[in-house]
Amino acid sequence: MTASTLTARDIVYRACRILKVSALDDPPSAAVAGEMLALLNGMLSNWSVKGLSAYTHAALTLDSTMGTDAALDLGLPYLLAAVGANDFEAALGETEAALAQDCMNDARKLYGTWTTDVLDIDSGLKYMPGLGSGYTQF
């Protein structure tokens, strides 16, 4: 495995742009960045709690280098955006939702199978805002 060189700030800022919470050339506000960081820490902590056996999480600050494999660098912002979409009253398109699901599948491949009998991922990944009306269940 190759360690990621991204910081938590990179993931948070990209997720904010995906959700259109911040513009491409503007960083998110401190409050938004703080909320997204809390969601990122919760999401990654949940991986080890819910059973990705080879992943352990250490709490991140915005300047922390991600403790994940570099293979997840592209997908983590989409996964974080999926988790935070409801909090920011935003919707993900089908492409973004698919990239988030791909990232979760890649995490499973990298860090082992879930040790729990039933896969129970964050609620933000069970129901994602779909295009048009309603939510899409995975």
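1. The buried residues of α3 are Leu76, Pro77, Leu79, Leu80, Ala81, Ala82, Val83 and Gly84; buried means under 20% relative accessible area, with a 1.4 Å probe and protein chains only. That is eight of the nine residues of this helix, which spans 76-84 and is mostly covered. Helices are DSSP runs (H or I, at least four residues), numbered from the N terminus.

2. This is a predicted model, in which local features need pLDDT of at least 70 and side-chain atom pairs count only at pLDDT 80 or more, while totals for chains, interfaces and linings use all residues. Residues are numbered from 1 along each chain, and side-chain values use heavy atoms, without hydrogens and water.

3. The axes of α1 and α3, lines fitted to C-alpha atoms over the stretch in contact, come within 8 Å and cross at roughly 60°. The two helices are therefore oblique to each other, the class left after under 35 degrees (roughly parallel), over 145 (roughly antiparallel) and 65 to 115 (roughly perpendicular).

4. In the contact (heavy atoms within 4.5 Å), Ile11, Val12, Arg14, Ala15 and Ile18 of α1 meet Leu76, Pro77, Tyr78, Leu80 and Ala81 of α3. These residues divide into nine nonpolar, no polar and one charged; Ala, Val, Leu, Ile, Met, Phe, Trp, Tyr, Cys and Pro count as nonpolar, Asp, Glu, Lys and Arg as charged, and the others as polar.

5. Lysine 20 lies in the loop between α1 (8-18) and α2 (30-50). Lysine 20 counts as exposed because its relative accessibility is 72%, and exposed means over 50%. Its C-alpha atom is separated by 9.5 Å from that of alanine 91, 71 residues apart along the chain.

Note on methods:
Axes are lines fitted to C-alpha atoms, for helices over the stretch in contact, and angles run from 0 to 180 degrees between N-to-C directions.
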